[in-house]
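Work through the following exercises with the model in view. Try each task before reading its solution.

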Amino acid sequence: MIESKKRAGIFFILAFILAIAAGYLVYEKVKELNAELGGMTEIYVAKDEILPRVPLKESQLSVMEIPNKFVTDSHITDFSKVENRVSVVPLSKGDIITESMIKPVSNLRDENHRLVSINRKENVQFDQVIDVLDRVDIIVSSDEETHTFLTDVPVVYSDASEDDFSGIAVELSTENAERLIHQQNYAEYIRILKANVGKAKPMEKENKELKEEEQVKNEEASNKEASNEKETKDGAMEKNKKDGEKKNKEKE
């Protein structure tokens, strides 16, 4: 009986020693893996479903920790990279948000306006470096004439640096966007001048010009229609007169 107790005690001690050894080995292995992974970093994920084209808010997001080894430049680790951005794809709860999924919120003042880029080329000249929020006049030249094509156009984007300036993007109504693109394709020379800053409502001026142009076209169409009606009426009267004279001659 005593011998059995001794054996049981020896086995218990050996098991305890082996458990300590196994725990130590596991601890060392986990420590080694953590060293390889480089710790943990918090990244942003969708807290709930997020529709595309909706400005992202901090309340819509949550954070998840992943090993540093798997963190890439595309992961969002700072809310400032998400602020004033929208997702271009629908997001489900728990989806990891990456740089390729988001884009800046459009800063157009009207949903019917469009951005048109104007890049510096051989036939496109900028008199000065243009910055965001500046306004410009667009001068167009052809064989026949040189004229001011658009005035006081707001600049929404500028590709300018200390050493280089390659172009701008301007905000225009859909009608003027189409007209400007046509001039970019077919005008011989385009010159961009920085306009006076501080004008309150440049788009009102643009819309007024469009309305005046449309009014002139409508008046011309009305005058042309009235002229056609008059010619038709005069022709009918002349025909009736000739028919009457012919009948009178036949009676005689």
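**Exercise 1.** Of the 21 residues in the largest nonpolar core, which touch the most other members?

*Solution.* The model is predicted, so local features need pLDDT of at least 70 and side-chain atom pairs count only at pLDDT 80 or more, while totals for chains, interfaces and linings use all residues. Residues are numbered from 1 along each chain as its sequence is written, and side-chain values use heavy atoms, with hydrogens and water left out.

A nonpolar core is a set of buried Ala, Val, Leu, Ile, Met, Phe, Trp, Tyr and Cys residues joined through side-chain atoms within 4.5 Å; buried means under 20% relative accessible area, exposed over 50%, and partly exposed in between, with a 1.4 Å probe and protein chains only. In the largest such core, the residues that touch the most other members are Ile118, Ile138, Ile168, Val170 and Ile192. At least two residues of this core come from each of strand 5 (113-119), strand 6 (124-126), strand 7 (135-141), strand 8 (146-160), strand 9 (165-173), helix 2 and strand 10 (189-194), where helices (H or I, at least four residues) and strands (E, at least two) are DSSP runs numbered from the N terminus. Another core, of 11 residues, lies apart from it and includes Ile50, Leu56, Ile76 and Val82.

**Exercise 2.** Where does Arg191 lie, and with which side chain does the side chain of Arg191 make a polar contact?

*Solution.* Arg191 belongs to strand 10 and is partly exposed, at a relative accessible area of 34%. Not counting residues up to four places away in sequence, Arg191 touches Gln125, Asp127, Asp137, Ile138 and Ile139, contact meaning heavy atoms within 4.5 Å. With the side chain of Asp127, the side chain of Arg191 makes a polar contact (2.8 Å). Such a contact is a pair of N or O atoms within 3.5 Å; within protein, one must be able to donate a hydrogen and the other to accept it, and residues adjacent in sequence count only if both atoms are side-chain atoms.

**Exercise 3.** How many aromatic pairs does the structure hold?

*Solution.* There are two aromatic pairs. Rings of Phe, Tyr and Trp (its six-membered ring) pair if their centres lie within 6.5 Å, and planes under 30 degrees apart count as stacked, over 60 as edge-to-face and the rest as tilted. The rings of Tyr44 and Phe79 have centres 6.3 Å apart and planes at 55°, so this pair is tilted. For Phe126 and Phe165 the centres are 5.0 Å apart and the planes at 90°, so that pair is edge-to-face. Phe126 and Phe165 are both buried.
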